[in-house]
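Subject: Structure handover

Hello,

Here is the structure for you to look over. My notes on it follow below.

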Amino acid sequence: MDALVLLIPLAPLCAALLIGGGHLFGFLDGEESEQTTSSCANWAIALSCLLALILLGSNLLNMNAGSFSIGRWLSSEALTIRMNFITTGFNVQLAALFSVLLAIVMRFSTHYMHREAGFHRFFFVLSLFAFAILLLVLSGNAVGTLVGWETAGLCSYLLIAYSYQRSIAVTNATRVLVTNHIGDACFMIAIGLSVAWTGTVDWNEMFATLPQLPTSQITGLALCFALAAFAKSAQLPFTPWLARAMEGPTPSSAVFYGAVMIHAGVYLVCLLRPLFELSTFIMAILAVVGCMTALYSFIVGLTQTDVKSSLVYAISAQLGLMFLECGLGFWQLAKWHLCAHAIVRAYQLLSAPNLMHAVHNNPIKPVSPKIAQLRWAYTASLQRFWLDQITDWALVKPVRRLANDLCYFDDHIVDRFMGAPNPVLNQMSSLVQLEETKIGARLDNNADEFAQGSGLAGTLTQWTAAISHWFEEHFVLQGVSKGAVRYGRELGHLANKVERQILRPRYLVLFVCITLLVAF
Amino acid sequence: MNESHFPILSLLIFLPLLGALMTVLCGNSQLAKKIALTFASIELIAALAVVALFHSNNGDFQLLERSDWIPSLHIEFLLGIDGISVLFLPLSALLTLMAIIASWNSIQHLSRLHFALLLALEGITMGVFCALDLVLFFLFWELTLPPIFFLISLWGIGPERRGAAMKYTLFMLFGGVPLLFAILILSMNHATAVSGSIPLDLSFSLPTLLATPLPDSLQSTVFFLLLLGFAVKAPLVPFHTWLPTTAMEGATHTTALLVGLKLGIYGLLRFAMPLAPSAAVQYSWALGILGAITLIYGALIALQQTNLRRLLAYASISHVGLVIIGLSALNMQGLQGAIFQLLNFTLIASSLMLIAGFIQHRLGSTEALHLGGLAKVMPRLTAFYFLFMLASMGAPLTSGFPAELLIIIGALTAHPTLGVTALAGAVLCAAYMLSFTRRAFFGAITQTSVEHAQDLRPRELALLCVPALLILILGFMPNKVLKINQKTAEVWLNRLMADQPVVETGEEIPAP
């Protein structure tokens, strides 16, 4: 029975490869082949759904061995990463649930996406995503989980940027992927640390060696995994990406942010229960972050006027509660909460476009008057607590500015220092100098009668200033700056002349010959 | 070790040179192109044959060919490969083949000379990868300059192409000087070690020099001289400015060759670290910091670029930094990851550069301002660009992922801060790659020239399929590559990590 687990992620991957390859080489294109594409994707996910249910059944009958390995993926000295799967417990239950939800959404999209320009692309990405998420929940080692984790993030990027002609969609998608990439990086650090400290990436082996680790290492490892989970499940401070992600088509929003992918963080925390339970500190962090996210999402959610954006904050609030439950040690509750939430949200998001018809003439219940009076709270809620702006101010802009400075440094200092600068830039700067001279800057006359003092102290200051100015002008400025510049220019012209001579190929060949001659 | 086999490595070196001669002497330029293509294909097959002949369970040099060259100075014509160099041969051959196909129609004047130079460069590069005699290596190393100089200056696409070619050549000549000094020091040290006289007991053969202990006083000198020489070619900050200039001024397939042939780091791996082992261990932190600076510096500057070719040049510099971090970890994971990543970037960086060339050829620019909305008119080109971009970001399912994972595991085990820096570099890589993609490939079409642009032609499609498939296959089965260099990597590491700086003599080869 255990061997079936291999086919569960493999079937959608094959479908994705078929659709992707077919679309790329023009076999699957246009409306007439929509049928082929959708049935390929639907049958693949139906197969994995069926297999997952069989696996779940055999798990309930205690017929599963618990793990299944198909061999080495990578080995380097002591480090061996196998392709192995877990075939019991929560992983199988989630795989069954997710594959059922994916099958439903896939079927839903067949009609929903009909005659869309990116029909084939959509089904390619959705099948790839099905592979990624099923691998994520079934993989028996951290690297397999990371593969699923990152691929799922990538698929979400591709679907947020589904209508790539609209630049806002692509901007949001880029932001979401880069935010998620921070989480991925934390996951990767966690893997690296667990290799360094426990010597393995296999989940079960890792759990077995954990109790021997010192507390500091446990805390570090758990913190990295927790950060990865926070980023994926849109907890604070990463929450704003979720609102940006609603750009994609409705079925993809349902499956990514309602039902399946958004729960990956909670899944990771539940899976790593043996690790988190060893560190009270990280458990507290889980609880606090979860609690704060729930509060934040509740307050922001109050001012949302759009179906999808209010759902976004409902989702992050519920996820926050799940983290709170994990942090408080109610693991079973968190697991049930996850499953129930996935089902409800899948339904809600799929029916969101119809909601306006369904609630016609049925006004939204206003908030209680006590809260409604708080103007600052209203502004804060409307601005989503300025989280995006704070991130921009604290992270994005400084990095951009640093990049800008480094660019300047590279072009104007490193390049010049290394010789042969860009000649265009030189012309530009002399043009600027010309303009400045025209508007009256006395670039070649440093004498200045500006400092005029009155009284004794004033005159003394003036004299001192005059003396130091004279000193500055005659020794420092002219000695170093002007003279150096003139000298440098002369040298530069000379170098240019030499360079022009050397530039002729014959000299170059000569140069190479001389170097070679020296060698022998 | 058996030395009486068919001299296939010499064949690898001289076949393209013969092809170059035939191409340039052939009267008809159409026929010349076909001759060049045939020779490049045969070369690729020969290089694959070398991989087939290679025994991966042997960590020593294999397929040795030895004959006297300048007996008075003990300079030999010594060729051989090991697990580190063997895979560079087919990849370089593939790269040249790709460059020939990519420039098939775009070279209008002096096309015979152009294809001849490409073939000559291929032969010389093979020489660099196979040479085990330091003087022979230096000869091939310097010989790469003339073809590249003419490729940049004669067929470049920028107005300052001659200046760029000059810049490249001056940088490389500068890098050659410390190499030469280091080689002389090493060979004189050998003469001193066997207490012989200077011209009679000089030795330039790498296996012999590896077996000769280098006194501590000379270790640092030799290491830094070699590091300086190879850092220019790699390129490491601050010796990198030739690459962006060349990327802007040179033809894109030439730049693809320049970013694809990772000669600089190969030199570091082959000569600098094993020849001065205790200095390499002692200064591994400095090497790591240099790598980290290059990684972050290149990535930050790439973030500001508006031109795809310049962006790719800086991305390539940044990735060199990542590989150096892997090397400086001095453990199996870091080393194998670094070698794997080098092989990867031969494929990835050059394919991306070729794609930039396709865009340049169609629209006359790779400036983000002149692009925008390419995905609509060129879906296939965009798909391939996206795949290679993902591979360079180290996304899973591509070969970039296992390589990056290994480097990061290695770095985290050895120097945790370097590992974290490497990951910050990965996040920055996603940021610059994606933000350029957003501006150039997505969004609305703003330029009329873009509206009528043609998607990939069958020739270009076929050309890109090969590296794309390789990337996917290696991402799925990374062990294929790792197994080939495993033994050699173990020997390499043992030599560095041996308790005494004195080198073990396992690599000694019988006298001919």
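In this predicted model, 55 residues of chain A are in contact with 59 residues of chain B. Contact means that the C-beta atoms of two residues, placed from the backbone, lie within 7 Å. On the chain A side, β1 (67-76), α5 (142-160), α6 (167-198), α19 (387-417), α21 (455-503) and α22 (505-519) each supply at least two residues. The largest share, 15 residues, comes from α6(A). By class, the chain A side has 36 nonpolar, 12 polar and seven charged residues. Here Ala, Val, Leu, Ile, Met, Phe, Trp, Tyr, Cys and Pro count as nonpolar, Asp, Glu, Lys and Arg as charged, and the others, Gly among them, as polar. Helices (H or I, at least four residues) and strands (E, at least two) are DSSP runs, numbered from the N terminus.

Some conventions. Residues are numbered from 1 along each chain as its sequence is written, and chains are lettered from A and ligands numbered from 1 in the order in which they are written. As the model is predicted, local features need pLDDT of at least 70 and side-chain atom pairs count only at pLDDT 80 or more, while totals for chains, interfaces and linings use all residues.

Now the helix packing in chain B. Buried means 20 or more other C-beta atoms within 10 Å of the residue's own; exposed means 12 or fewer, and partly exposed lies in between, with C-beta atoms placed from the backbone.

The angle between α16(B) and α18(B) is about 150 degrees, and their axes are 9 Å apart. Axes are lines fitted to C-alpha atoms, for helices over the stretch in contact, and angles run from 0 to 180 degrees between N-to-C directions. That makes α16(B) roughly antiparallel to α18(B) (over 145 degrees; under 35 is roughly parallel, 65 to 115 roughly perpendicular, the rest oblique). The crossing is left-handed: the near helix is turned anticlockwise from the far one by less than a right angle; clockwise would be right-handed. The contact of α16(B) with α18(B) has nine nonpolar, two polar and no charged residues.

Helices α2 (29-53) and α4 (111-130) of chain B pack at about 15 degrees, with axes 9 Å apart. That makes α2(B) roughly parallel to α4(B). Their crossing is left-handed. Among the residues that meet are B:Lys33 and B:Glu43 in α2(B), and B:Arg112 and B:Glu122 in α4(B). By class, this contact has seven nonpolar, two polar and four charged residues.

Last, the backbone. The peptide bond from A:Leu236 to A:Pro237 is cis, omega near 0 degrees. A:Pro237 sits in the loop between α8 (215-232) and α9 (240-244) of chain A. The bond from B:Ala234 to B:Pro235 is also cis, omega near -10 degrees. B:His74 has a positive phi, near 60 degrees, and is buried, with 21 other C-beta atoms within 10 Å.

Best wishes
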